[in-house]
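This report describes selected features of one protein model. Please examine the sequence and the structure shown below before reading on.

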Amino acid sequence: PALRPVYDRLRDRRTSEEFWAYLVLFKCGGLYAALDCTCERPLHRLLAGGDDMLVGMQPKVASRVLRKQLGLQHHTFPLQQWCIAAAPGHPVLRYMIDYVANNINRVFCRESPDIDALLRTGAAPFTDAVFAFRKDPM
């Protein structure tokens with residue numbers, strides 16, 4: 001309930017879907033996959049005992065396109081948030097929820113809703129969150 005106003009302020013379908021996925025995974029754990037995702041390998045081959053999160057890599061072609069659109073001053077976005085498996089309460093998801101809430105009034109990119117979504121709830125902050133967690137697990 002406390003985050004409902006944040007959700008309501010997200011006007012772009014992608015950002016609201018991604019924020020909703022972060023909220024549900026944080027509360028319940030599980031697997032989120034966008035409808036256009038494909039699983040190229042069986043999940044049991046990707047998970048090891050004790051893993052608490054599984055994330056996908058950004059295709060190299062998508063990274064090149066994003067770098068061309070955004071310029072070199074932005075992230076290279078090696079990770080993506082279209083397919084995530086996580087234990088309930090995972091700190092990366094907590095970071096993403098807080099990041100979106102704390103930046104709800106910020107306009108990341110007026111010229112492109114796509115880039116605004118990417119920088120608001122997408123691969124840019126998600127990659128930062130995962131790398132920060134890997135460096136200093138909470």
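In this predicted model, a nonpolar patch on the surface is formed by Leu31, Leu43, Leu46 and Leu47. Together, these residues have about 330 Å² of accessible area. One of them, Leu31, lies in strand S1, which covers residues 30–33.

Strand S1 belongs to an open sheet of three strands, arranged in the order S1-S3-S2 with antiparallel pairing.

The antiparallel pairing of S1 with strand S3 (residues 79–86) extends over four bridges. Within this pairing, alanine 33 has cysteine 83 of S3 as its bridge partner. Helix H7 (residues 123–135) packs on the sheet, where it touches S2 and S3.

| Pair | Angle |
|---|---|
| H7 and S3 | about 55° |
| H6 and H7 | about 15° |

How far apart are the axes of helix H6 (residues 113–120) and H7? The axes of these two packed helices are 4 Å apart. Angles under 35 degrees count as roughly parallel, and H6 and H7 are therefore roughly parallel to each other. Leu118, Leu119 and Arg120 of H6 make the contact with Ala123, Ala124 and Pro125 of H7.

Notes
Residues numbered from 1 in each chain as written. Predicted model: local features only at pLDDT ≥ 70, side-chain atom pairs only at ≥ 80, totals over all residues. Heavy atoms only, no water. Patch = residues over 30% accessible without salt bridge, like charges linked within 9 Å, V, L, I, M, F, W, Y side chains within 5 Å. Areas by Shrake-Rupley, 256 points an atom, 1.4 Å probe, with all protein chains shown as cover. Salt bridge = Lys/Arg side-chain N within 4 Å of Asp/Glu carboxyl O. Pairing = 2+ DSSP bridges. Contact = heavy atoms within 4.5 Å. Axes fitted to C-alpha atoms, helices over the stretch in contact; angles between N-to-C directions. Parallel < 35°, antiparallel > 145°, perpendicular 65-115°, else oblique.
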